[in-house]
Amino acid sequence: MSGLIDRINRYFAVVAAVLVLLSCLISAGNAASRYALSISSNAWLEIQWQMFSGIFLLGAPYVLKLNEHVRVDIIYGGRSDRTKLWIDVFGIIFFLFPATAMMAYMGYGFFETSFVRGEMSSNAGGLPLWPVKAILPLGFALLFLQGISELIKRIAALQGDERMAVSYEKPLQ
Amino acid sequence: MLEYGYMAPAMFAGLVVFMLIGFPVAFSLAALGLTFGFIAIEVGYFDLSFMQAMPYRVFGIMSNDLLLSIPFFTFMGVILERSGLAEDLLEGVGQAFGSVPGGLAYAVIFVGAILGAITGTVAASVIAMGMISLPIMLKYGYDMKIGTGVIAASGTITQVIPPSLVLIILADQLGVPVGDMYLGAFGPSLLQVALFTAFIFLVATFQPHKVPALPPEARTLHGWALASKVAWGMIPSLVLIFLVLGTIFMGLATPTEAGAMGAVGAMVLAVLHRRFSTALLWSAMDQTMRITAMVLFILIGATVFSLVFQGVNGGRWIEHLLSGIPGGQLGFLIFVNVFIFFLAFFLDFFEIVFIVVPMLVPAAEALDINLVWFGVLLCVNMQTSFMHPPFGFALFYLRGIAPPEVKSRDIYLGSIPWIGLQLILVAVLIFWPESVTYWLGQEVVLDAATVGSTLDAIPMPELDMPTLDLGN
């Protein structure tokens, strides 16, 4: 179960990483074509931010797996491994689950309204808006799933079935 | 204190407790916001439709063209970090300055500033410069407190010098154009380089044994060989700086496009240096995706929090508290800076900018404070958060790569004078606002006209956000 979720989210993380390169090339290409060829297309401009949404919403579950979401470690940093595991179990159940479930639920309604109307961007030649709005509930749902996986791993570690590295280093900035 | 109800103070207290628990900030903030949101509905501050603004807020982040520059600038920085540009620069410049006392330290400061203008990550600068200069400094008898201090401090210049991520995020939160933020930060970053250089000059004059010149045998390159080494490092950097900052200042590109072009430029540079590979590209993409997701999720969490916090009159409460500070503008600025200086001991700039800054903006506006000036001031102040022993990032990275002969004690003690210098800069900026606004006044006319037309071409997604009554 936990392994399956990890694999699913790893897959989405690969998609998110590829979007980094694509959106970057598209943005540079847009700027270049506007000056070199005086061509500018709303669709190409819009695809940039739609990809950007994909980068962070689809990448976040994998970041959770890697334990790279920023913590305030002034107290956390000095605790024992067991205490850290307990803090995470508590946090996942009381913070992560309700927050992601709520956002996924509200995000779904937001997407549905747009989908039913077949909402298009108001710019000339713009893209449909509902696919990118679908990423919003999808991202939070995946985060919820990853939360389940992390919870399983931590409970297993607390029972001593599995060793788990709880080392937390602040991500590079 | 309770004129605006007990919810806002309770939420603020909850913020402190939830954050201290140590669970990732993004989720703690979101959970805190939602919990208080539903309590507030029960108590009658607002109804359920208020909470339904949440997806619109998140969608506003998704479709924000400025935030899109975060992955681009990060991507550019990570590629440059891995293509060995810092090494090339430092070797050349270090040898060029090597013959005078303190020469290596000057080289670190200048290279730190150049790296800052092209990359934007403190970690990259500190690690690269530490790996190269520390062993040389150790070998020729530099005082390690000075050596580690100058490397850590020069790495943090990155924070202030455009195109820093901090400035982008601050511009977004303050609602000012990022081009203005960059122009405003220009003077202070030069002042900072000058202050650092002056400090090394004083040390070199009065205690030359602490920063000895390199002996001739350490300076292997002379004449043309040296010149070409320096040029090989400098010219591509200058081209990149122009590509990124030049196009923004001349109004040719939006910051987002400039970031994308910079990233493409960085890839070209890596190819020219024969260090480009698919492994490098992949690791840079992966790293960028992770940093972007991490930053944006703090912003999402903070957005959920602030929406509810404003809904329960938190904005008015904070403004009311801050308006009680005596001394008008000056009193407010001194209070805010002292407050942020201490917050920076245990919070990162992301958390400070996303959570604290929105609370301060209404009060700053009420006092008629120029928001660009205010933002640059906060940026310089938050720079110290990288230098605070023992949690400061810059010190932490340096510890990670320093040879074992370098004591942690030296790294910690060494940071203190530089924190002092950064605080001097904060004071200078408070009492001399022209150091920020001078550049603004000159360029702003050209900027507004040309960038304005460029910006018109950018689609603004349709958003029917419910308007918030912020009480001003």
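Is G420(B) buried, partly exposed or exposed? I looked it up: G420(B) is partly exposed, at a relative accessible area of 28%. I use buried for under 20% relative accessible area, exposed for over 50%, and partly exposed for what lies in between, with a 1.4 Å probe and protein chains only.

Conventions. I am working on a predicted model, where local features need pLDDT of at least 70 and side-chain atom pairs count only at pLDDT 80 or more, while totals for chains, interfaces and linings use all residues. Residues are numbered from 1 along each chain as its sequence is written, chains are lettered from A and ligands numbered from 1 in the order in which they are written, and side-chain values use heavy atoms, without hydrogens and water.

More on G420(B). I placed G420(B) in helix α20 (residues 408-431) of chain B. Helices here are DSSP runs of H or I with at least four residues, strands are E runs of at least two, and both are numbered from the N terminus. I also checked T384(B), 36 residues away along the chain from G420(B); the two C-alpha atoms are 9.1 Å apart.

Chain A, fold. I find 5 helices and 0 strands in chain A, in the order α-α-α-α-α along the sequence. Chain A has a radius of gyration of 20 Å, well over the 16 Å that the globule rule gives for 173 residues, so chain A is more spread out than a compact globule. The radius is taken over C-alpha atoms, and the rule is 2.2 Å times the number of residues to the power 0.38. Along the principal axes, the C-alpha atoms of chain A fill a box of roughly 60 × 35 × 30 Å.

Chain A, burial and contacts. I note that 57% of the 173 residues in chain A are buried. Of the chain A contacts (heavy atoms within 4.5 Å) with a separation of 6 or more, 75% are between residues 24 or more positions apart.

Aromatic rings. My search of the whole structure gave 26 aromatic pairs over all chains. Rings of Phe, Tyr and Trp (its six-membered ring) pair if their centres lie within 6.5 Å; planes under 30 degrees apart are stacked, over 60 edge-to-face, and the rest tilted. I picked F56(A) and F297(B), an edge-to-face pair at 6.4 Å centre to centre with 75 degrees between the planes. F56(A) sits in helix α2 (residues 42-65) of chain A and F297(B) in helix α14 (residues 278-311) of chain B, so this pair joins two chains. Both residues, F56(A) and F297(B), are buried. They belong to a cluster linked by ring pairs, whose members include F52(A), F90(A), F18(B) and F23(B).
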